[in-house]
Amino acid sequence: KQKTAYEILSGLVGSEMCIRDRYQRRVHGIQLMEAPKKMKAVLRKDEIGKDISVEEIPVPVPAKNEVLIKVMASPCNPSDFYMAIGAYGVPGKKPKPPVVPGLEGSGLIVGVGEGVSKDLIGKKIGMICESFDFISYYGNWAQYTVKRLEDIYVVKDQSMSFEDICYLYVNPMTVMIMWHIIETAKHTGVIQTAASSSLGRSLYRLCKKKGIPTINIVRRPEHVKIYEELGSTCTLNQTDSDFEAKLNAAIEKIKPTVCFDAVVGDLAGTIIKAMPPYSHYYCYGGLSGKPIPNVEMVDLLFKRKEIKGLWLSEQLPKIPKDKVIEDLDFISSDIATPTSCFKQNIVKKYLLEDFQKVLAEYSKAVSYTHLR
């Protein structure tokens, strides 16, 4: 069975469940101690992910406007998987070894650098690594990490679980960027591929709440059934023999003018050709491992269709900090609701030492050899 991005999660990084629970119950009253000099971290020491293991390395020291964080949970999603095997980014822009993977996570602030209020100590936070220079050594698959103030989010509800906090950034913020694109350009219909993913389901739920119809493209019959149970009236299986005819009929009916594609390959060429004039196509992943074929000059020149990339690591720093906080407030509040768009179903948890099991399971659901 193919697993969605957040169904394969590392659980508590460097902590047993009972330790996590103690911190949760006493987050406002714990007696904080000086951080140790050494810590355990997943360390990739080569370019291709063959030399990767749990190592003992120095605990980082927060510099000016930075905080030291005890990591409590960190998810594994496609970007983390590719980072771990040395396939994330392009030549010249990949983080250079040694690399600690883990783009996002949750934790407790246990120390502050110059210019940072000590009032933050003991606060639960979500975090992301935005600068490749920064992530190249202190990612989040470690017992401790350091982060810049602009790369953390102090959750308003300090009773929120570390598991829910750990996934606030990568998928939810990508969905929020997609939503702002939809809203700003006044798109009235959306096509999305890889719709069975956690991100895809969040985008579907958000669009449904906002009254925007979606064409949800999946690749298995059971995924179609899942979407029907979610209330979707337009879910297409890309492996069906009549998929292209169904896609054309759905586009004729819904008239979507934006597509968010995580698959690319032949599917992308089919979608771009079928979309109406002045449509926008965004690539935010490449699960097929293939380029986009059969994009015709007529579509780009005369029908004025646009093809763009959407990469969170590039987009997020461009958003004003107050707007990022506003979106994160919305996401964290939404997670607490019964009809949440962003709540993830975490079904597996691992200790730091078991990270190889995470990668092994993930490799069953992700084809990555083309990215090497």
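Is Asp164 buried or exposed? I am working from a predicted model, and there Asp164 counts as buried, at 12% relative accessibility.

**Entry 1: the partner of Asp164.** I found that Asp164 forms a salt bridge with Lys343, with 2.9 Å between the closest N and O atoms. Asp164 sits in helix α4 (residues 162–165) and Lys343 in the loop between α12 and α13, so this pair ties together parts that are 179 residues apart in sequence. I noted Lys343 as partly exposed, at 40% relative accessibility.

**Entry 2: Ile335.** I then went to Ile335, which lies in helix α12 (residues 321–335). Ile335 is buried, with a relative accessible area of 7%. Leaving aside residues up to four places away in sequence, Ile335 touches several others, including Asp164, Lys343 and Met160.

**Entry 3: other salt bridges.** My search of the whole structure gave 16 salt bridges. One of them joins Lys40 and Glu353 at 3.5 Å, N to O. Lys40 is in strand β1 (residues 38–44) and Glu353 in the loop between α12 and α13, so the pair links parts 313 residues apart in sequence. I also listed Arg148 with Glu150, at 3.9 Å, N to O, and a salt-bridge network linking Lys45, Asp51 and Glu55.

Entry 4: Phe302 belongs to helix α10 (residues 297–302) and counts as exposed, at 59% relative accessibility.

Technical notes: Residues numbered from 1 in each chain as written. Predicted model: local features only at pLDDT ≥ 70, side-chain atom pairs only at ≥ 80, totals over all residues. Heavy atoms only, no water. Helix = DSSP H or I, 4+ residues; strand = E, 2+ residues; numbered from the N terminus. Buried < 20%, exposed > 50% of the residue type's maximum accessible area, 1.4 Å probe, protein only. Contact = heavy atoms within 4.5 Å. Salt bridge = Lys/Arg side-chain N within 4 Å of Asp/Glu carboxyl O.
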